[in-house]
Amino acid sequence: MRNRFVFLVLMVCCLQLLLNAQSPSAQTLDSLSKEISKISNALQNLEKIKISGYIQAQYQWADTLGSRSFNGGDFPKTSAQRFMVRRGYFKLAYSGLNASYVLQFNVNEKGFSVRDAYFNLKEPWLKSFMLTGGIFYRPFGCELTYPTNQRETPELARVTQTLFPGERDLGAAVTFQAPRESALHPLKIDAGLFAGNGTSAETDDKLDFIGRIGWEDVISKGKLIYSGGFSFYNGSIYQSKKQVYQMESVNEIPLFTQVLTDTIPGNYQKRQYLGFDASIAWEHLLGKTRLRFDYMTGIQPGADTSSMSPTEKIGAPIYNRDFQGIVIYFIHNFPGSIHSFVIKYDSYDPNKGVSGDQIGLASIVGKTTNATDLSYTTWGFGYFADINKNLRLTAYYDLVRNEKSKYLSKYSGDVKDNIFTLRVQYKF
């Protein structure tokens with residue numbers, strides 16, 4: 001009762017002071033109104049800026065010392081375990097009228113790098129077209145463009161990393177997608193021109209075309225989401241040397257034979273990929289299940305010792321290989337639970353023209369194939385728990401199997417290069 005009485009007395013005193021105070025002038029009220037307007041405008045501008053990021057700290061254990069791996073890179077020659085900050089991203093995003101801008105950095109024990117630096121310009125009339133320019137994700141397939149901090153496995157598949165090192169590229173693209181109220185909204189078309197060197201600067205006089213046509217729709221009152229798309233990559237690799245090789249059967253032995261043309265340094269070799277992707281996610285009594293699928297095939301110009309897409313000029317003879325890759329995800333989340341598990345299968349055959357004991361088979365004619373032409377399959381088994389909207393814990397095991405050939409001593413059996421990853425991801 002005493003506290004209530006004191007509070008009542010204070011209120012009466014305040015009211016009395018307000019009543020006795022001198023009424024403010026019109027000029028004072030106008031100045032106050034202008035100051036409030038300035039503060040309001042400043043707050044509205046600040047609301048257009050969003051700061052976010054995440055860190056992925058992890059421990060890894062490999063089967064053998066110095067294991068070669070697509071799961072965070074090769075291990076040091078004298079180590080089979082390591083701690084690392086796989087990604088430490090800091091992102092700035094600005095959203096304005098019909099435009100946005102994104103700048104994202106990566107900071108870890110290896111140094112500092114720019115991951116994204118691009119703008120989006122949306123046309124205000126049809127509200128269906130958008131222009132993107134800078135460093136951003138290549139619009140190819142499903143896995144490549146899936147957000148890194150939402151990915152259920154530690155890394156992209158071997159085939160995706162081989163064809164698209166660094167995930168992003170430098171270029172410009174146009175996107176068509178009708179507004180949500182339109183019947184054409186599920187249709188999305190991307191088409192762009194890129195340097196073709198990852199995030200490196202342009203090194204030749206050619207640009208690579210990347211395009212995708214996709215469809216994504218929601219049915220059953222949002223409990224079923226499905227999508228699918230076709231992707232096309234049409235590019236080239238600068239030819240520094242005169243020698244260019246392609247696969248040919250000589251006396252029933254698949255070999256690299258030199259292309260007998262007038263090719264000279266300064267020409268280009270075709271780099272062409274076709275892709276098909278599909279995904280489905282549905283909610284049911286046992287939880288939520290997602291399936292994602294990518295298939296890629298085409299022509300990949302590379303070096304004798306690597307089929308990786310170059311980020312700079314190849315200063316050696318070029319070897320053209322017909323490749324094929326498959327990536328399948330199965331993810332299940334238990335109902336009302338933070339617990340999920342994932343099974344992933346990916347295969348990469350860098351050279352469909354040769355297999356098994358044909359690899360490394362010597363001949364007096366042509367160039368012998370080698371370990372670069374071996375195919376790989378990887379089974380991944382993982383568990384992850386979304387503790388809250390910021391924190392995710394992941395445990396994942398990569399079971400890697402390589403193609404075998406009796407003519408390659410190191411690969412006459414399966415190389416022990418399986419990897420276990422324990423990761424903590426925190427985002428804000």
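How do the residues of the lining of the second largest pocket divide into nonpolar, polar and charged? They divide into eight nonpolar, 14 polar and seven charged. The model behind this count is predicted.

**The whole protein**

The protein has three helices and 18 strands. Its C-alpha trace spans about 110 × 50 × 45 Å along the principal axes. The radius of gyration is 28 Å, whereas a compact globule of 428 residues would have one near 22 Å. Of the 428 residues, 42% are buried.

Contacts tell another part of the story. Take those in the protein with a separation of 6 or more: 61% of them join residues 24 or more positions apart.

**The empty spaces**

Rolling a probe the size of a water molecule over the atoms shows where empty space is left. Searching the whole structure turns up four cavities of 30 Å³ or more.

| Space | Volume | Lining by class |
|---|---|---|
| Largest cavity | about 210 Å³ | seven nonpolar, six polar, seven charged |
| Second largest cavity | about 90 Å³ | five nonpolar, four polar, five charged |
| Second largest pocket | about 700 Å³ | eight nonpolar, 14 polar, seven charged |

Start with the largest cavity, at about 210 Å³. It is lined by 20 residues, and Phe70, Asn71, Asp346, Thr378 and Asp398 are the closest to its centre. Which element gives the largest share of the lining of the largest cavity? That is β17, with three residues.

The second largest cavity holds about 90 Å³ of space. Its lining has 14 residues. Nearest its centre lie Asn197, Thr203, Asp204, Ile237 and Tyr238. Strand β9 (residues 224-238) gives the largest share of this lining, three residues.

Now the second largest pocket, with a volume of about 700 Å³. It is lined by 29 residues. Those closest to its centre are Arg86, Arg115, Gln161, Pro165 and Gly166. Three strands, β2 (81-96), β3 (99-108) and β4 (111-122), each supply at least two residues of the lining. The largest share, five residues, comes from β4.

Where does Thr368 lie? It sits in the loop between β15 and β16.

Is Thr368 buried, exposed or partly exposed? Its relative accessibility is 30%, so Thr368 counts as partly exposed. The cut-offs make this clear: buried means under 20%, and exposed means over 50%.

Leaving out residues up to four places away in sequence, Thr368 touches Leu255, Gly360, Leu361, Ala362 and Ser363. Gln358 is 10 residues from Thr368 in sequence. In space, the two are 9.5 Å apart, C-alpha to C-alpha.

Notes:
Residues numbered from 1 in each chain as written. Predicted model: local features only at pLDDT ≥ 70, side-chain atom pairs only at ≥ 80, totals over all residues. Heavy atoms only, no water. 1 Å grid on protein atoms, 1.4 Å probe; cavity = no way out; pocket = protein on both sides within 12 Å on 5 of 7 lines; lining within 4 Å. Points joined across faces, edges and corners; volume = space filled by probe spheres on them. Helix = DSSP H or I, 4+ residues; strand = E, 2+ residues; numbered from the N terminus. Nonpolar A, V, L, I, M, F, W, Y, C, P; charged D, E, K, R; others polar. Rg over C-alpha atoms; globule rule 2.2 N^0.38 Å. Buried < 20%, exposed > 50% of the residue type's maximum accessible area, 1.4 Å probe, protein only. Contact = heavy atoms within 4.5 Å.
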